Amino acid sequence: MRTLFAAVAALTLTGLLAGAQPAPQGVVVQPEPSDLAVEVAPERDRYLAGQRLALKVRLSAPAHLYLTHIDGQGRVTLLFPNAFAPESHLDAGTHAFPDARYSFVVDGGPAVETVQAIASAVPL
């Protein structure tokens with residue numbers, strides 16, 4: 001615990017001692033280069049409340065896939081895996097979401113919302 005506190009304190013003090021440099025906005029994880037790639041394509045560009053969201057996700061290699069929804073207020077919801085499709089590991093290729101066991105229904109009023117895909121060689 002003492003080591004963690006010292007590291008946090010060192011980061012804080014470094015920021016104070018650096019002077020007029022801009023403050024960091026967060027920490028960005030930089031993965032090692034990999035052949036793993038993920039692409040997400042929605043069925044349409046815009047959705048209205050009550051419409052069903054449909055996505056195509058392409059994986060360049062077998063991977064664990066996680067789909068999240070970030071609403072207009074910044075709240076994050078895990079769309080996949082879920083109770084109806086609990087297995088995150090998928091083969092390489094194109095996959096349709098949702099499948100026949102469940103649906104994604106757009107809720108709420110106008111807002112910029114995001115669906116994010118995270119692909120990993122290991123489960124998160």
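Two strands count as paired if DSSP finds at least two bridges between them, and the strands themselves are DSSP runs of E, at least two residues long, numbered from the N terminus. This is a predicted model, so local features need pLDDT of at least 70 and side-chain atom pairs pLDDT 80 or more, while totals for chains, interfaces and linings use all residues. Residues are numbered from 1 along each chain as its sequence is written, and side-chain values use heavy atoms, with hydrogens and water left out.

Three strands make up an open sheet in the order 1-3-7, with antiparallel pairing. Strand 1 and strand 7 sit at the edges with a single partner strand each, so one side of each has no neighbour in the sheet. From one strand to the next, the twist averages 20°, taken between lines fitted to C-alpha atoms, with angles running from 0 to 180 degrees between N-to-C directions.

Strand 3 (residues 55–59) pairs with strand 7 over five bridges, in the antiparallel sense. Leu59 stands opposite Gly93 of strand 7. Strand 7 also holds His95, which counts as buried at 18% relative accessibility; buried means under 20% relative accessible area, exposed over 50%, and partly exposed in between, with a 1.4 Å probe and protein chains only.

**Loops and rings**

| Peptide bond | Omega |
|---|---|
| Phe80 to Pro81, cis | near 0° |
| Phe97 to Pro98, cis | near -5° |

Pro81 lies in the loop between strand 5 and strand 6, and Pro98 in the loop between strand 7 and strand 8.

How many aromatic pairs does a search of the whole structure find? It finds three, where rings of Phe, Tyr and Trp (its six-membered ring) pair if their centres lie within 6.5 Å, and planes under 30 degrees apart count as stacked, over 60 as edge-to-face and the rest as tilted. Phe84 and Tyr102 form a stacked pair, at 6.1 Å centre to centre and 15° between the planes. Phe84 is in the loop between strand 5 (76–80) and strand 6 (89–90), and Tyr102 in the loop between strand 7 (93–97) and strand 8, so their pair ties together parts 18 residues apart in sequence. Tyr102 is buried, with a relative accessible area of 11%. Phe84, Tyr102 and Phe104 form one aromatic cluster.

The largest pocket has a volume of about 740 Å³. Of the 24 residues lining this pocket, Tyr47, His69, Val106, Ala111 and Glu113 are the closest to its centre. A pocket here is an open set of points on a 1 Å grid over the protein atoms alone, where a 1.4 Å probe fits, with protein on both sides within 12 Å along at least five of seven lines; lining residues have an atom within 4 Å of a point. Points join across faces, edges and corners, and the volume is the space filled by probe spheres set on them.

Technical notes:
Helices (H or I, at least four residues) and strands (E, at least two) are DSSP runs, numbered from the N terminus.
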